[in-house]
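Hello,

Here is the structure I promised to pass on to you. Have a look at it first, and then read on for what turned up in it.

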Amino acid sequence: MTENKQQNGGHILINPQQLKKVNPWTSLASFPSNIHVDGQNPNEFLLLFVREHKIILIGNLLIYSVVLFLPQIIRSLVLYLDTDFLGGFLSSITFFESKWWTLINLAWYSYILTGYFNIFFRWFYNINILTTERFMDIDFTSIFANRIESAAITDIEDIKDEQVGIIQSLFNMGNLTLLTASGGTIFSLNNVPKSYKIRDFIMDVTIQVKDKKGPKDD
Amino acid sequence: MIDQLLANPNQILNLIGITFIVGVFVYILVLAVLQVRQIRILQDKVQTDADGGVRIVTYVYLLFQLILFVIAILFM
């Protein structure tokens, strides 16, 4: 087998040398050799691996951090109101010095930890994958549900790329919408890095596949 | 026992407080277990090099939640 020999990867021909190990925490990777999907055929290879931009994860974690100090804010607010308007009535209850207040704090931070965990893994498992045969959209929608959608590459008809807002312009990310031939499935890739490159890559692969299969009869 | 409780209003408040806090911690634990279960399902669907690390993180997370629950029970 020569080094340049191409291997049949599903509908399209790819060079196995193009496959490379990628960082599994990345937001965008092409030709990953160390990522696999359920139901992957032996001659099916991953061409593209996309997640939301990391700044979206960092932003969500920072926004969530606002509620981290909610018990302390409530305590300060109540004590302030108590001193100024209620004449020390609430202070006499000494709730904030009781074990109940400590327990509420403990429960609160336990819940906050659950929230951080949820935000991180919802980002980590919201994945879009383009293989040599299909496009897959994997979503960790909630802790009770996940959703996986897929369509054959040959079904991808049109791709819309838009970059909206300050954050997307600043961090060079965008929203992609993939329309399928059947019209039934629409894939939305929100806040993906370098969306214009992804659109170009998917279009190139789609055209290559359709050219190989030949024009449709209809 | 109910007569004793009614005779001492503080005891009723304590009972309501304990039930509420235990309920909250059980709810958080159930959420944590469901989260980890969902992560395991998704790990089956997409396999990456980070799977080992993710598995360890989920175990540590569950253990930490359990420790917080035990601390809360002991604190009562």
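**What is in the model**

Chain A has five helices and 11 strands as its secondary structure; helices (H or I, at least four residues) and strands (E, at least two) are DSSP runs, numbered from the N terminus. Before going further, please keep in mind that this is a predicted model, in which local features need pLDDT of at least 70, side-chain atom pairs count only at pLDDT 80 or more, and totals for chains, interfaces and linings use all residues. Residues are numbered from 1 along each chain as its sequence is written, while chains are lettered from A and ligands numbered from 1 in the order in which they are written.

Of the 218 residues in chain A, 25% are buried. A residue is called buried if 20 or more other C-beta atoms lie within 10 Å of its own, exposed if 12 or fewer, and partly exposed in between, with C-beta atoms placed from the backbone. Looking at contacts in chain A between residues at least 6 apart in sequence, 53% join residues at least 24 apart; two residues are in contact if their C-beta atoms, placed from the backbone, lie within 7 Å.

Chain B has three helices and one strand, and its elements run α-α-β-α from the N terminus on. In chain B, 16% of the 76 residues count as buried.

**The sheets of chain A**

One open sheet has five strands in the order S3-S5-S6-S7-S8 (chain A), with antiparallel pairing; two strands pair if DSSP finds at least two bridges between them. S3 and strand S8 (145–152) of chain A are its edge strands, each pairing on one side only. On average, and with direction ignored, neighbouring strands of this sheet are turned by 10 degrees against each other. Axes for such angles are lines fitted to C-alpha atoms, for helices over the stretch in contact, and the angles run from 0 to 180 degrees between N-to-C directions.

Four of its five residues are buried, so S5(A) is largely enclosed by the rest of the structure. Strand S3 (residues 28–30) of chain A pairs with S5(A) in the antiparallel sense over three bridges, and Ser30(A) has Leu48(A) as its bridge partner in S5(A). S5(A) also pairs with S6(A), again antiparallel, over four bridges; here Phe49(A) has Ile129(A) as its bridge partner in S6(A).

Another open sheet is made of three strands in the order S9-S10-S11 (chain A), with antiparallel pairing. Its edge strands are strand S9 (156–162) and strand S11 (186–193) of chain A. Neighbouring strands of this sheet are turned by 20 degrees against each other on average, direction ignored. Six bridges join S9(A) to strand S10 (residues 173–180) of chain A in the antiparallel sense, and Ile159(A) stands opposite Leu178(A) in S10(A).

**The core**

Which residues touch the most other members of the largest nonpolar core? They are Tyr125(A) and Phe135(A), in a core of 40 residues. A nonpolar core is a set of buried Ala, Val, Leu, Ile, Met, Phe, Trp, Tyr and Cys residues joined through C-beta atoms within 7 Å. H2(B) gives the largest share of this core, seven residues. Domain 1 (7–52 + 126–212) and domain 2 (59–120) of chain A both give residues to this core, so it lies between them; the domain bounds come from an automatic or database domain assignment.

Leaving aside neighbours within four places in sequence, Phe135(A) has contacts that include Leu130(A), Ile153(A), Leu178(A) and Phe187(A).

**Where the chains meet**

The contact takes 27 residues from chain A and 26 residues from chain B. On the side of chain B that touches chain A, helix H2 (9–45), strand S1 (46–47) and helix H3 (51–75) of chain B each supply at least two residues. H2(B) gives the most to this side, with 15 residues.

The two chains also share strand pairing: strand S4 (residues 36–37) of chain A and S1(B) pair in the antiparallel sense over two bridges. Within S1(B), Gln47(B) is the bridge partner of His36(A).

Enjoy exploring it!
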